[in-house]
Amino acid sequence: MVEKLRRFFRTEKGTGLLLVSPTAIYALLMLAVPLAAVVLISFWTQNGVRDFDTTMTLANYKEALTDPLYRQLMLRSLMVSGLVTLITVLLAFPIAYFVSFGVKAEHKSLWIFLITIPFWTSYLIRVFLWKVILGYNGVLNSGLKAVGLIEEPLTFILYNVNAVIITLAHAYAPFAILPIFVALEKIDRSLLEAARDLGENRVMTFLRVTLPLAAPGVVAAVLIVFIPTIGDYVTPRLVGGPGGLMIANMIQTQFLRLNNAPLGATLAVLAMLIVAVIAIVFVIIGNRAAGQKGARK
Amino acid sequence: MKSLKVYAIFYLIFLYAPIFLLPLFAFNSSTVIAFPLDSFTTEWFTTLLTLSEMHGALLSSLKIAVTSAVLATSLGIFAAMAVSRYSFPGQKGIMGFIMLPLVLPEIIVAVSLLIVILRMGFSTGAWSVIVGHTLICTPFAIAILQSAFASLDPSLEEAAYDLGETPASTFRLVTLPLVMPGIISALLISFTISMDEFIIAFFLTGAEPTLPVYLFSMMRFPKLLPAVMALGTILVVLSVLLIVIAEFFRRRGAKRTGNDTGGFL
Amino acid sequence: MTTAKKDRKTLISMQNIQKHYGDYHALRGINLEIGEGEFFSLLGPSGCGKTTLLRTIAGFEDYDSGYVMISGNDMRGVPANKRPTNMVFQSYAIFPHLTVAQNVAFGLRKSGMSKAEKAKAAEQALEMVGLKGYGHRAAHALSGGQRQRVALARALVLKPKVLLLDEPLSALDRKMREQMQVELIKLQREVGITFILVTHDQEEALVMSDRIAVMFEGEIAQCDDPEVLYRRPKSKRVADFIGVMNFLSAECRVEDGKKIVNVAGLGETEVADDQCPEGFPDGAATVGFRPETLTLLYEGQTATHREAAATIDEVVYYGDMTYYDVRFDGVDKAVRISMRNIFGRDVLEVGSRVRVSWSPGALVVFG
Ligand SMILES: Nc1ncnc2c1ncn2[C@@H]1O[C@H](COP(=O)(O)OP(=O)(O)O)[C@@H](O)[C@H]1O
Ligand SMILES: [Mg+2]
């Protein structure tokens with residue numbers, strides 16, 4: 001038996017598994033087990049401060065799905081993340097296109113580097129700065145007042161959903177640009193010349209060749225923005241005001257303030273489920289769209 | 001392309017605008033964070049020196065970031081080597097799961113770890129933040145290391161083996177020196193992510209807060225906002241510096257092994 | 001089983017090597033003997049298993065069954081770092097973080113030599129490959145030809161019993177390649193080590209090797225010295241792969257114990273046993289012959305052996321040579337004839353009627 005195992009670990013498959021196992025086991029213990037625990041606890045009931053009633057019940061789910069407060073938070077989160085995704089991807093595509101097609105090869109990595117740098121700086125600080133920019137006495141209002149464009153400070157730009165959307169769109173910009181850029185870079189340039197050679201103009205070449213080939217990048221960009229934004233905590237907390245709060249804030253409240261971990265867990269599970277379903281649907285649609293373009297893979 | 005370039009430049013300005021505001025207010029003598037600016041001062045930086053609580057936070061942040069970076073990079077080396085060298089059953093699923101924290105909202109990671117930790121009767125502390133940060137840094141380390149390993153011609157290792165080295169000495173004499181720039185880059189990136197991370201630390205930090213958690217608590221006091229700006233400036237400058245160094249190492253590694261395969265991610 | 005030439009002692013012996021990659025049968029019963037000091041080539045189209053076989057000898061590849069023996073020792077279970085073989089990789093695998101001298105001395109780490117001895121050995125090896133004085137250079141700044149020389153020096157400095165070379169010249173441009181071919185032959189004679197060269201270039205194999213094994217789809221189709229391989233290929237496939245071979249259909253019969261072949265357009269002739277590698281077929285057959293075994297007869301010339309009438313279909317002028325595609329009377333298919341361009345001899349025109357001289361001994365009969 002031992003000898004058999006030893007021989008297996010000497011094969012390609014075995015060595016690969018052996019090598020990946022420390023990382024995989026870490027992810028299993030620190031991610032899979034905790035995620036499973038969240039799911040489990042979501043069926044329990046809080047009983048006092050640290051105690052749970054471990055009888056399995058759907059009561060939390062019933063409450064989460066029927067209470068208008070939770071439903072509203074969930075819908076708002078979806079709406080915010082959908083809008084943020086739409087805005088970021090739309091704004092990002094021209095940038096990715098420009099860097100891929102309009103920048104000399106030797107300058108491309110510099111551009112990409114410049115675009116990604118802000119992402120590596122503290123998220124908390126960047127969000128906080130948007131609060132400073134959009135605030136009642138903020139940079140934007142004081143600036144606009146100084147040049148005489150407005151007399152009273154604008155109030156619709158802070159402590160509401162708009163502020164959340166602006167801030168998130170800013171924070172996730174590099175995430176959207178990178179996958180689209182990678183997809184565009186992979187396009188064989190002679191394909192575009194072929195399309196021109198076959199009589200298409202620039203616009204039609206873009207629509208018939210470039211865009212379909214960039215589709216996988218766009219799908220990746222959508223997912224990479226949509227999934228994390230729905231669970232964002234900092235932005236709604238700092239710039240959202242009471243009307244801009246999202247589901248993550250409620251999860252935090254349930255866990256750390258109201259001490260109702262099971263309900264918090266339920267909300268977390270529901271959020272993950274909804275994200276997963278939407279992501280899967282999106283991937284299927286994306287695959288189907290890409291699949292029509294024949295045997296690229 | 002002309003108009004696209006103009007757009008791109010505006011876009012970059014939009015990206016950097018908040019960050020550029022930081023030093024403006026950090027060196028501005030007014031206690032209100034608004035235009036017009038007042039006079040130049042370094043007072044807020046001096047204030048930072050007096051906040052002893054902050055020093056504790058800085059220390060615990062450094063401790064957490066260094067440990068997480070080392071752990072994440074080590075785990076990253078194993079996984080990156082496994083995927084770039086071998087194909088094994090369930091590879092896609094296993095790697096997909098390891099990379100999951102890249103898209104998973106951090107609050108989910110935080111909450112789920114918190115549940116398990118409390119349920120098992122432990123109390124949170126620097127160690128639990130390290131656990132969480134290692135989890136979220138590992139995918140980044142893997143992404144960087146994978147390209148380092150992939151650009152390493154496998155026949156180099158075979159050549160060393162062919163010339164009489166053992167697998168272990170081959171790793172020491174050939175593999176390690178050639179992927180070292182990637183390893184340094186992964187360490188720096190992981191360190192930076194951990195230093196800046198807020199939510200996991202917010203949930204899992206015990207009695208001693210990390211720097212971002214402390215910063216968050218400072219934000220509630222208008223009086224402290226200029227100092228927040230000063231601290232923010234320092235953090236951002238440090239992050240950018242570390243990232244530039246990381247990129248330098250990554251490129252040097254790519255140049256050495258002969259092919260540059262894009263930037264981060 | 002093919003054996004090494006009589007005057008050589010067998011160094012490597014392989015018996016019935018079988019190897020699968022998953023479902024793919026990569027090596028299908030390889031039997032081979034390679035002698036000491038031999039320059040041996042594995043020749044075959046891309047994907048036929050040459051690299052796999054070479055790596056099996058080096059110890060990088062496990063095999064399902066069979067034996068690899070080096071100097072009479074079974075190599076099963078002996079790892080690559082313990083085998084008396086060294087390899088020149090297709091990519092050369094020069095360590096980019098080391099200097100040229102450090103690269104060459106890499107394998108001497110555990111040799112027990114002093115530092116000075118190692119440096120001297122490396123310098124000597126570099127001199128041998130024509131890179132004297134390059135030791136201090138950074139490896140990543142070398143040209144393709146130089147990298148290859150470093151790879152050679154690095155392997156040879158260890159004085160292996162066998163040097164394995166996997167398409168070492170394919171990354172070089174044509175001029176460099178031809179120059180390196182000559183240098184490799186000289187080097188091999190000088191060091192006297194067995195070289196096993198993998199190549200898909202039949203010309204390269206013919207030029208360089210003492211013996212060549214032609215491989216198709218994981219099997220050795222023929223293993224012979226270059227001349228036999230060229231003149232007496234054992235199958236149509238080998239014939240087609242090595243150089244240019246003309247094929248014409250023929251009828252075979254035995255008459256009074258004589259093997260008679262009636263070749264379309266050429267007529268009847270008797271053939272010897274060694275002209276029928278697959279045995280003498282009865283009835284329909286194919287006959288092969290090389291372009292240079294045919295000669296166009298100019299006015300006043302007479303055939304040394306046999307003669308046939310033909311029409312010129314196509315003329316391809318190469319400077320030193322002219323290739324004529326001609327059709328023998330009564331045959332639809334053109335065959336190629338190569339003629340050396342001798343000063344004063346005209347290049348003939350398309351459509352000309354010509355007489356062609358051919359010799360029965362140059363024919364090879366396939367079933
Ligand atoms: N590691 C491998 N896994 C699966 N198939 C392989 C592997 N290596 C080689 N092969 C297959 O085995 C066959 C022979 O490969 P190789 O020995 O490299 O051919 P050659 O060197 O003659 O071009 C090819 O069809 C190739 O696709
Ligand atoms: Mg090969």
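How many residues of chain A are in contact with chain B, and how many of chain B with chain A? In this predicted model, 76 residues of chain A meet 81 residues of chain B, contact being heavy atoms within 4.5 Å.

The model counts local features at pLDDT of at least 70 and side-chain atom pairs at pLDDT 80 or more, while totals for chains, interfaces and linings use all residues. Residues are numbered from 1 along each chain as its sequence is written, chains are lettered from A and ligands numbered from 1 in written order, and side-chain values use heavy atoms, without hydrogens and water.

**Chains A and B**

About 7,300 Å² is buried between chain A and chain B; this is the accessible area (1.4 Å probe) that two parts lose on being put together, summed over both. Carbon and sulfur atoms give 84% of it. Helix α2 (residues 12-41) of chain A gives the most to the side of chain A that touches chain B: 21 residues. That side has 58 nonpolar, 13 polar and 5 charged residues.

**Ligand 1**

The shell around ligand 1 includes C:Pro45, C:Ser46 and C:Lys50, where near means a heavy atom within 4 Å. Helix α1 (residues 50-58) of chain C supplies the largest share, 3 residues. By class, the shell has 4 nonpolar, 5 polar and 1 charged.

| Residue atom | Ligand 1 atom | Distance |
|---|---|---|
| C:Tyr21, polar side-chain atom | nitrogen | 3.3 Å |
| C:Gly47, polar backbone atom | oxygen | 2.6 Å |
| C:Thr51, polar side-chain atom | oxygen | 2.5 Å |

Taken alone, ligand 1 exposes 560 Å², and the protein buries 59% of that.

Terms used:
Helices (H or I, at least four residues) and strands (E, at least two) are DSSP runs, numbered from the N terminus. Ala, Val, Leu, Ile, Met, Phe, Trp, Tyr, Cys and Pro count as nonpolar, Asp, Glu, Lys and Arg as charged, and the others, Gly among them, as polar. A polar contact is a pair of N or O atoms within 3.5 Å; within protein, one must be able to donate a hydrogen and the other to accept it, and residues adjacent in sequence count only if both atoms are side-chain atoms. Accessible areas come from the Shrake-Rupley method with a 1.4 Å probe; for residues, only the protein chains shown count as cover.
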